[in-house]
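Subject: Structure handover

Hello,

Here is the structure I said I would pass on. My notes on it follow below.

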Amino acid sequence: MDVMTHSSTFLLPGNDHSSSVTYALVVLNQRLPRFTPILWDHAQVRVCADGGANRVFDEMPLLFPRDDALDVRHRYKPDIIKGDMDSIRTEVLDFYTNLVGTKVVDESHDQDTTDLHKCVAYIRDFAPNLDKSNLCILVAGALGGRFDHEAGNINVLYRFSTTRIILLSDDCLIYLLPRTHCHEIHIQSSVEGPHCGLIPIGMTSVSTTTTGLQWDLTNTEMRFGDLVSTSNLVQGEKITVQSSSDLLWTISIKKV
Ligand SMILES: Nc1ncnc2c1ncn2[C@@H]1O[C@H](COP(=O)(O)OP(=O)(O)OP(=O)(O)O)[C@@H](O)[C@H]1O
Ligand SMILES: Cc1ncc(C[n+]2csc(CCO)c2C)c(N)n1
């Protein structure tokens with residue numbers, strides 16, 4: 001079975017030109033995580049989901065209190081704003097419509113998929129000039145808000161299970177570990193951990209084996225209504241996971 005490696009280097013400042021990963025960023029309509037400028041700098045394409053544009057417009061300047069707000073808005077200019085456009089404010093829509101380099105796409109005809117779904121489908125299928133051979137989509141503001149939105153955001157991980165997608169909030173990140181691979185998770189201990197979890201959503205996970213956790217699993221069954229691994233702790237720099245089912249991996253993000 002092939003090994004899939006994971007590493008949260010996108011949380012570290014600085015451009016890692018040696019990285020073979022192409023990052024894309026989706027900004028959702030929730031308070032911007034404090035490290036959003038770092039994600040932005042790693043990304044080669046930046047997409048706002050509908051009201052996510054309000055967050056970039058209003059909150060990016062707050063992250064740079066010494067800079068002029070208009071300068072910050074020109075520096076952090078989305079490539080595209082996409083969604084059903086029922087949350088973006090008129091003032092924000094006007095600002096970005098008149099800005100060269102930002103495209104606004106109204107998809108209000110589709111009321112069956114979420115704005116995040118629309119953004120991920122766009123990045124995967126249409127974003128021009130993007131090497132998609134090793135694409136990783138970072139989603140800022142995906143957790144810690146309305147539970148229906150959170151569930152919809154997690155569902156996007158399953159609907160696009162062959163694309164690497166990472167949901168982020170100020171407090172933690174989540175991604176899917178497909179059952180088709182063995183997983184090696186390299187912990188960036190300056191920015192993440194030690195709290196973590198392995199969560200089977202949607203079906204029983206018949207057998208999971210891990211190394212590197214305080215409470216490792218050995219051919220262990222997990223399911224809702226019985227055992228799910230929450231409040232676990234990473235012990236070293238490398239975790240391995242192999243499972244008969246897709247699992248969600250979550251790890252805390254450090255405050256400093
Ligand atoms: N409170 C929240 N928690 C988690 N994700 C959110 C939250 N609010 C918005 N999002 C995400 O941001 C995206 C864009 O948000 P926006 O408010 O524009 O959506 P919407 O479709 O208008 O929502 P609503 O259900 O309120 O009509 C949503 O599709 C969702 O993925
Ligand atoms: C069974 C079912 N439940 C809810 C919705 C509503 N909905 C789901 S995604 C979306 C777009 C949000 O921007 C809306 C309105 C639906 N269509 N079908």
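**What was found**

The buried residues of helix α4 pack against α2 (52–63), α3 (69–75) and β4 (80–83). In α4, which covers residues 90–97, the buried residues are Val92, Phe95 and Tyr96. They lie on the same side of α4, because they cover an arc of only 90 degrees around the axis. Please keep in mind throughout that this is a predicted model.

**Helix α5**

Helix α5 is largely enclosed by the rest of the structure, since 9 of its 11 residues are buried. Those buried residues are Asp115, Leu116, His117, Lys118, Cys119, Val120, Ala121, Tyr122 and Ile123. Their cover includes the strands β2, β3 (43–49), β4, β6 and β7 (164–168), along with helix α6 (147–159).

**The two ligands**

Ligand 1 has 16 residues around it, and those that come nearest are Asn29, Asp86, Ser87, Arg146 and Asn153.

- Arg146: an N or O atom of the side chain is 3.0 Å from an oxygen atom of ligand 1.
- Gly51: here a polar backbone atom is involved, 3.2 Å from an oxygen atom of ligand 1.
- Asp115: an N or O atom in its side chain is 3.3 Å from an oxygen atom of ligand 1.

On its own, ligand 1 exposes 620 Å², and the protein buries 81% of that.

Around ligand 2 are Asp84, Gln111, Asp112, Thr113, Thr114 and Asp115.

- Asp84: an N or O atom of its side chain is 2.7 Å from an oxygen atom of the ligand.
- Gln111: a backbone N or O atom is 2.7 Å from a nitrogen atom of the ligand.
- Asp112: a polar atom of the side chain is 2.8 Å from a nitrogen atom of the ligand.

Taken alone, ligand 2 exposes 450 Å², of which the protein buries 42%.

**Nonpolar cores**

Which residues touch the most other members of the largest nonpolar core? They are Leu168 and Trp249, in a core of 47 residues. Setting aside neighbours within four places in sequence, Leu168 is in contact with Phe10, Leu11, Phe35, Leu39, Leu138, Val139, Ala140, Gly141, Ala142, Leu143, Leu173 and Ile253. There is also a second, separate core of 31 residues, which includes Leu116, Cys119, Ile137 and Cys172.

Leu25 is in strand β2 (residues 22–27). Is Leu25 buried or exposed? It counts as buried, at 0% relative accessibility. Not counting residues up to four places away in sequence, Leu25 touches Leu39, Trp40, Ala43, Val45, Arg46, Val47, Leu138 and Ala140. Leu39, Leu138 and Ala140 are also among the contacts of Leu168. From C-alpha to C-alpha, Leu25 and Asn219 are 36 Å apart in space, and 194 residues apart in sequence.

His42 belongs to helix α1 (residues 36–42). His42 is buried, with a relative accessible area of 12%. A polar atom of the His42 side chain lies 2.7 Å from the backbone oxygen of Leu12.

**Backbone features to check**

Most residues other than glycine have a negative phi, and most peptide bonds are trans.

- Pro194 is in strand β10 (residues 192–199).
- Asn129: phi is positive, near 55 degrees. Asn129 sits in the loop between α5 (115–125) and β6 (135–140), and is exposed, with a relative accessible area of 80%.
- Ser231: phi is positive here too, near 50 degrees. Ser231 is part of strand β13 (residues 229–233) and counts as exposed at 61% relative accessibility.

Regards

Methods
Residues numbered from 1 in each chain as written. Chains lettered and ligands numbered in written order. Predicted model: local features only at pLDDT ≥ 70, side-chain atom pairs only at ≥ 80, totals over all residues. Heavy atoms only, no water. Buried < 20%, exposed > 50% of the residue type's maximum accessible area, 1.4 Å probe, protein only. Helix = DSSP H or I, 4+ residues; strand = E, 2+ residues; numbered from the N terminus. Arc of directions from axis to C-beta. Contact = heavy atoms within 4.5 Å. Near = heavy atom within 4 Å. Polar contact = N/O pair within 3.5 Å; in protein donor to acceptor, adjacent residues only side chain to side chain. Areas by Shrake-Rupley, 256 points an atom, 1.4 Å probe, with all protein chains shown as cover. Core = buried A, V, L, I, M, F, W, Y, C linked by side-chain atoms within 4.5 Å.
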